[in-house]
Amino acid sequence: MAERQVTVKSEVGLHARPAATFVQTAAKASLDVTIAKGSGTPVNAKSILSVLSLDVREGDTVVIRAEGEGADELLDALAGIASAP
């Protein structure tokens, strides 16, 4: 299981455009991807409604997890999206 802890830097967290880009990137992967706010319950990162339900704001920390071939590369890309200003 690969994991990344990311501090969200977008002014509106994952509520605006970053959320759509994040979910589109996760959805292209053949492996399961989850995202959680801090140590909260992980949700499906391929679902825009699940991601938005986390209510992530600027400065919050999220944990992204994936397992399988290519997980590290995928998580690097998702971490970059979530931490982009």
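Colleague: What should I know before I start?
Modeller: It's a predicted model, where local features need pLDDT of at least 70, side-chain atom pairs count only at pLDDT 80 or more, and totals for chains, interfaces and linings use all residues. Residues are numbered from 1 along each chain as its sequence is written, and side-chain values use heavy atoms, leaving out hydrogens and water.

Colleague: OK, at what angle do H1 and H3 pack?
Modeller: H1 (residues 17-27) and H3 (residues 71-82) pack at about 175°, with axes 9 Å apart. Helices here are DSSP runs of H or I with at least four residues, and strands are E runs of at least two, numbered from the N terminus. Axes are lines fitted to C-alpha atoms, for helices over the stretch in contact, and angles run from 0 to 180 degrees between N-to-C directions.

Colleague: And which residues of H1 meet H3?
Modeller: Pro-18, Thr-21, Phe-22, Thr-25 and Ala-26 do; contact means heavy atoms within 4.5 Å.

Colleague: Switching to the sheet, what's the strand order?
Modeller: The open sheet runs S1-S4-S2-S3, with antiparallel pairing; strands pair if DSSP finds at least two bridges between them.

Colleague: Which residue of S4 is the bridge partner of Thr-34?
Modeller: That's Arg-65.

Colleague: Last one: is Leu-14 buried or exposed?
Modeller: Leu-14 is buried, at 2% relative accessibility. Buried means under 20% relative accessible area, exposed over 50%, and partly exposed in between, using a 1.4 Å probe and protein chains only. Leu-14 sits in the loop between S1 and H1.
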